[in-house]
Amino acid sequence: MSAAWITILLPLLAAAVIAFAPSKMAKWIALAATGVVLAATLRLVVGFHDWGSGDFQSESEALRFLPEFGISLSLGYDSVALVMALLNAVLMPLCVLGSFSAIKDRQREYYAWFMVLHASLMLAFASRDAITFYVGYEFTLVPMVFLIAIWGGPERRAAATKYFLFTFFGSIFLLGSLLWLGAQMRESTGVWNFDLDAMIAYSQQLPADTQWWLFLFLGLGFAVKVPIFQLHTWLPLAHDQAPTGGSVILAGTLLKLGTYGLFRIALPAAPEGAVALAPLWAILCICAIVYASLICWVQRDVKRLVAYSSIGHLALCVLGLFAFNIIGAEGAVYYMVNHGLSTGAMFLCIGMIYERYHTKDMERLGGLARRMPVWAFFFGLFTFASLGLPGLNGFVGEFLCLMGTFIADAKSGVDNYPGVLGPNYAFIAASGLVLAAMYLLIMLGKMIWGPLREPHDDGHHQPSGLSVDLNWREIGILTPLAVLCLWLGLAPGFVLESLEPACTRMLAPFPAIVQAQHDAVAAAAAEAVASDTPAAELIITTAEASR
Amino acid sequence: MSALTADAALIRLALVIAALLFSIGIAGFLSRRNMIVMFLCTELMFQGAALALIAFGKMHGDLSGQVFTIFILTVAAAEAALALGLVILLYRRRETLNSEVWSELKE
Amino acid sequence: MTMLAPITLASSMADRVGLLWPELLLLIAAMVVALMGLSKDRTIRGAVGPVSILAVLASGVLALVTGGAEAAAAAGVPFPALAQWLKPMVALIAAGLMAVQGGFVDQALEAAIGRNAAAFNPLRAIRGEFHAFALFSIAGVMLLTTATDLIWLFLALELVSLPTYVMVAIGRSDRPGLEAAVKYFFLGAMATAVMLMGFALLYGATGSLQFDLIRNAFGAQAASGGIALLGVGGLMLTAIGLFFKITAVPMHFYAPDVYEGAPLPVTAVLSFIPKVAGFVGLILVLGTAGLTSGELPKPIIALLWMAAILTMSLGNMGALLQHSMKRTMAYSSIAHSGYMLVALAAGTTDALDALLFYLFAYGVTTVATFGGLAVIQRAGGDADRFEDLAGLRRTNPWATSMIVLGALSFTGIPPLLGFFGKFWILTSAFEAGQVALCIFLVVNSLVSARYYLRFMATPVIAEPDSNATPTERNPSRAPVLASVVFGLALLILPCFTGSIFGWVQQATDAPAKAQ
Amino acid sequence: MTLSPITSMLPGTMLASSDVPAATIAPEFAWLGWALALPAISALACTLMALCKVKGKLPGWLTVASLGTCFVLILKAYQSMPEGPIVVPLAEWMSFSWGPSDFHSLQAALELYIDRLTIFWMLFVSGLGTLIALYATEYMEHDVKAGYARFFAGVSIFLFAMTALVMGGNLLLLYLGWEGVGLASYMLIGYFFTRPSAVAAAKKAFIVNRIGDLGLALGIFLTWRCYGTIEYSELFQIAGNPPRDGPWEEALIPYLLMLGAFGKSAQGPLYVWLPDAMEGPTPVSALIHAATMVTAGVFLIARCYPLFLLQPDALTVVAWIGGLTAFWAATIGMAQYDMKRVWAYSTISQLGYMFLGLGLGTTFGACFHTFTHAFFKACLFLTAGAVMHGFAGQLDIRKLSGLSKIPGFRMVSWFALLGALWLAAFPFSAAFFSKDEILSAGVGSDRADFQFLGWLGLFTAGLTAYYTFRVWFRAFAGPVHFEPGEEVHAHGEFHPHSPRWAMKLSIAIIGIGAVLAGYPAYEAMFLHKENWVQWMMAGSTAVGGAGVVEQAADHAAEASSGHQVLGMSAHAATSVAGSIFGIGGILIALYLHLIRRSAADSLRRAIQATPLIGWIPGAAENKWYVDEIYNAVFCVPLWVTGHVLHFIDKHILDAGVVDGIGSSPSLVGRVFRPLYGGVLQSYAVTMAGGVGLILAWLAYTWLRGGF
């Protein structure tokens, strides 16, 4: 059995075992399983065939699952998928470890759901087939809903319901679009085929207006998951109410399914549509950056603050994707990883505080650097990673996304990769740099600096039975993340290099399309000038604006 | 030709009667509250259909319509048995044949 | 004019007896079971359930073994291979439904008789007849699949319906049950009359009751300028009559009340058996007018289209407002009929296959869910409020898991079986160009998620209200067993959807060959 | 490279060739990487020690040792450095390439770009860094159990980042250092993190700097867009080529870079963070917020001078911002009572001079002033630190007097005097020459606006002298009087404790350094040798400006007939006027703050009593209410917007739209509820009606002609 299969089947097996194992054993089984999965994923990385190729590289024989529909369960990775799988594999054991003391009741169910979540995420990242991707993508909902609804905060039921319905809303659009595309393919080729590469190859041939609709719906599907501005309201609630482990995975990898889906399916499948809709998406993204940042500023609940910050951060990531150039695309993928690590780590940190004080209210907590210096160090580190301090991981992705956006117009001089965005978008998006610093430092100022404030209403400081500062287990959770943050910030070279072929492949159809669009606008402008119509001025203005 | 004309007229008449029977059945079913009457109305509808079958059979010179009618009669009889049994059960419970008393299940 | 067409009916029926072994087995079993139920010996009475289940399973196996698509084709069955899929499928799910009924017996009386505290009363220990009726109904569905003419269709449909009326009425002779029965019966009779009128018009339009002849007549009419108005009217009335069976708008109004009033296991039966019958009837009747070749008269397609949209939407919207689980399931069952009507409206062979598969997925999910719900009860009725599920995870984790799985499958969450049902309907409808229907379908899935979430969440999350009287455990293990078997099937069968899809496709392949 | 605009703005000079020499790749200098690595290692080690709660002075000594080694490495580089700039590749960092030509790659390796400007900057950065770290080993000793390791981790991070900033071979590495020093600054300003004011100051510093960083980042993007590279070695070679982009984009580059420089160097509208930054421990104020970090903006412009030279208007803006900031900060500095705050405003003011110099085209003057300023301002801060250390945090000049007469503080006082004289640009002090270089370029300019800026600078020099000596005369001279500050730990009578050897040694070395900083000028003046600083500028990217000044200096030396100011050469005129302003300021301070201290108060009262200008003293003490205005104009509206958006998000978008849509199905479902009324006949009627409706719809559609 190949390592790829292990990453999916082992968690499922573990879930089954946990369901019948003694309650005390549950967490250890989960930890062992996630550890093995991490090892298997590392094995995949080591055994990755060809770092220079952007193609999906098969890791297993295709299981002809539903031959009538051309659906096969075949696992494979390109470097982007592999990086995302690795991110998930790294976060999972840490989440399990982080739940050791936090989850006291219904442990078996908790860890079993976690394993199911693990498997479906791994399936989504490893799928080469649209339907199996969708299976993994969609099934993540179920364990997550239960994780939120059972072990969540006081508003857990509302949060879980909203999360479920809202993201289900998105994914039915995704499913609908995929099936529609499959049916179209069947009509023209005579056979059903849901292989992603084949679907994308087919779909790129579709006429531009068809692609417009296709991208609208595919994009809508992923937009909910990302979440894109105006479709985001499920996120603060879900993050806020989820248990720590759930929040970490939600922020760390579940949201990435949205951006990964854009990267893997929506953008390459409907490049014409993507180009046509890119300004709309970009405007939503830059709105989200400002909007989420300002809302973060006035949050009292630290977890909610970090949740809102995810909206802004991921908007930047999506902006990078819509730059349609290699810098933006690689930046976006890198940013996915970074956001997963740093935001995940922040949620872990907040969880540790919550376990000790049973509050996340920044008005009641403060100055914890005095009480918990080690925790404060980690929290500060991840905060700075999150606000994009160079030398830490966040910066690399953020910088590349912004730069990709900045140069993404016809004049950028990037012959191969002209785009439809450009400096105007980047200027506004870059304001996020300042705003993020603002709210994150306010948070830091309240949480770790200043005079010590602890909630005293429960009479004693350590109702949790935990040590004052972090214990070794907690340090062990945060240290790998901290090391990764530093390492990815200081030496991004290898990862960036390996991402390049896959990004190049994804971007292949874009230059011609964008160029054609620019040419068309320029031609229209020229024609208008030549004929000296009254509309000439308007068209020229539009043409200039589009540059 | 006259025989044919007479047949056609007969068939038309039979069909009109069938339609009337069916319509009366429906109208009765919708308007009456007595369960026995309601059941009889459904029987009327059945018989309307049966009459139409016979008329059409005549029209097509085919006997299967009549065969069908016999089956309809049989089934109607079975249904009548069922209906009467049910009505008795209901009557015992509520001492009335008014169907409106059975309206506790609703939104 | 006076020359009569040769009566081929009797002879052709005689040929077909060979196709009917499963039904014969079921009819015999029904009688045996009815007699066993009269026995004073408690062990014999107790064996009624297992015997029924075995009989149903055996009939399914028999259907597989005897098969004979060729014989059916020779006998003029419109979809000769349909039975090969439908009979075993119905048998399998019916076995599950019978198992869900396992607990359905006058427990107090049985116990009293066991203690010799009460005399045996065959009128109250109704188990025997009850199972016999169920078996009759199942036999009716099986008969339907090999129907060759309208008479057979009519008789088989009545064989399906009449026992269900009785089951509702005598299931638990309490007031809700009786009310349900009276509504079900009278409205059902009216719908049957409408359907019969449709048959009459069909006969009038084509001059035949046999499907192949009707098809030929319609084919000729269509070739020469379109099917006559009389024929269209006949198709329409027939379809509307059958809508009652499948609880499609506007003939669905009885469903919530009847499902709520009937005892839970009967509700389970109602939500599956008549539905299969109705859809098979629709397939057969509409098949005469070109269902699978996309040549249905436009008004019929429009009717199906409208009915599909309304049925999905009204079903799901209605379900959102309910407190009774059975009532919710009634609306849910209406909505699922709507999904299946989408396939019917799409009108391709592929869509038909999708429908047949969906029936299966729906049936399996129904057994899993109702089996799970049947593990709790209350004195004098079902435990029917959502709140009754609270705390179920402690008292019965298996049932809880299965309810969750069932709800997920109903919602269409991959990779459960229900997802593949929707998947197939959607792809086929997309392929047929019914984009609007697809959009309605997915939006309705979304709406439905909300109330299925209650089925998922309440047993897992909610804690029972300490003031409320606690629910009782169903003494029978059969429902939970059925639930677990079918619930696990929801998880496991998707691994074999490839084979199942192939099987289903064969069911409708044959007529294409025959033509 | 076309430089015609700049020739027109400078007095009759022709530019020497301002082409930056091509850089050679010199892997053999890889040992210079240790200058980057040592502080990094020290930072990591100190962080670990902080986490492990190491008690003792080990972190301090480790930092001093690593910084000292770093200084030695720089010295060695100074000696062995070849003529032209070199590029030392160290490692990969971020690199992309997607095509064969320019504009198809983004290279940002971990590489060093070493020219004389780099070495010059690193010399005083690492040198002062070492000394101030040494000073801090003693100054911070009362925190050995609390934040000692954390403090030195911050200092090490700062040195690492500053090294990356100065030595980095591309703009992205500069950005890394840029933000890195911001982090260090944040950590160190907020060192006393239990004080809310310190936390707020740290936050403010970082955020205001971030605004500048935003400009820098965008400038980097735009640079890449225009030139296809962000590596200095390539960039400066092709900077004069017609840019790839339109003129608009190219013109914007220096403005964006400038924004970054203003943020880091507390200029123009972004100066507000620096005074608050004095919440940090004094060594930090000396090192980061006076001597080194704040000069990063000067460095940035000097480094990217070729890009600025292409846009003379941008340089004009730099000059104006610098000149006005110098004046503005001086006015506030005159009214402050906290010694460190005065020095902070003086830092802003002096940085303004440097920017003025950059804008006027005399990078030499600007860098020279940076150099001298680093020493004397560090000296002033360290003496202030010694006072603070000795008087339990007391820095209010109203509560300190005559410190020079207190035993143990004599040396401190005299070095403070030295620093004050230098700050006041007392004739023949080092700063006198460096300031003179800048102001003469303004006064001697052809352009009226530059002349105005030059005279404004001279006037500001007078103000500087006044407020500097106001502090010295108040605190160090006069009768002995003191009140301890808030950080009194011991009970009983308060005894000031005088600094011990490490602090004294550092102060002494830095003080001597301040004196020696003038040596290049003396050398040029008396030995007629080339000014050493100017030599250091030559061949660097700042060479354009240096070339200009070289010519200008030649002109001045020849006392050519043109561009006479007040009948003298611009240099001479500036020197004389500067001396007059400076000594005048000192004399006024002497009268008001030493001879008749009551006169100061009565003057203040008199002004306050005068209508129209009565508000001035109070406003000046309150920093012209700039913070309040910023708060009202930027912070409060954004904060309110945040609340409004949060309300919209929570109650309108989520609870309204989303939940509204979510509940719409059940609302619609409610409409149909009456149909399920429970009566048998009504169901029959509804069914029949439904059938009728559907049939009617079908008939209607059919009649209308199709489906």
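Visitor: How much area is buried between domain 1 of chain A and domain 2 of chain A?
Guide: This is a predicted model: local features need pLDDT of at least 70, side-chain atom pairs count only at pLDDT 80 or more, and totals for chains, interfaces and linings use all residues. Residues are numbered from 1 along each chain as written, chains are lettered from A in the order written, and side-chain values use heavy atoms, without hydrogens or water. Buried area is the accessible area (1.4 Å probe) that two parts lose on being put together, summed over both. Carbon and sulfur atoms give 70% of it here, and the total is about 1200 Å².

Visitor: Where do the bounds of domain 1 and domain 2 of chain A lie?
Guide: Domain bounds come from an automatic or database domain assignment. In chain A, that assignment gives domain 1 as 3–63 + 72–508 and domain 2 as 510–547.

Visitor: How many residues does each of these domains of chain A bring to the contact?
Guide: Contact means heavy atoms within 4.5 Å. Domain 1 of chain A brings 17 residues, and domain 2 of chain A brings 8 residues.

Visitor: How many salt bridges cross the interface of domain 1 and domain 2 of chain A?
Guide: A salt bridge needs a side-chain nitrogen of Lys or Arg within 4 Å of a carboxyl oxygen of Asp or Glu. Across this interface of chain A, the rule finds 0 salt bridges.

Visitor: Which element gives the most to the side of domain 1 of chain A that touches domain 2 of chain A?
Guide: Helices (H or I, at least four residues) and strands (E, at least two) are DSSP runs, numbered from the N terminus. Two elements give two or more residues here: α12 (271–297) and α20 (493–507) of chain A. The one that gives the most, with 4 residues, is α12(A).

Visitor: What area do chain C and chain A bury between them?
Guide: On the contact count, 38 residues of chain C meet 35 residues of chain A. Carbon and sulfur atoms hold 80% of the buried area, which is about 3200 Å².

Visitor: Which residue of chain A meets Glu431(C) in a salt bridge?
Guide: The rule finds 2 salt bridges across the interface of chain C and chain A. In one of them, at 2.6 Å from N to O, the partner of Glu431(C) is Arg186(A).

Visitor: Which helix gives the most to the side of chain C that touches chain A?
Guide: Elements giving two or more residues include α20 (397–411) and α22 (435–461) of chain C. With 13 residues, the top contributor is α22(C).

Visitor: How large is the area that chain A and chain D bury between them?
Guide: Here 67 residues of chain A are in contact with 53 residues of chain D. Carbon and sulfur atoms make up 74% of the buried area, a total of about 5700 Å².

Visitor: Which residue of chain D meets Asp409(A) in a salt bridge?
Guide: Chain A and chain D share 3 salt bridges. In the one with Asp409(A), at 3.1 Å from N to O, the partner is Arg225(D).

Visitor: Which helix supplies the largest share of the side of chain A that touches chain D?
Guide: That share is 13 residues, from residues 423–447 of chain A. The helix is α18 of chain A.
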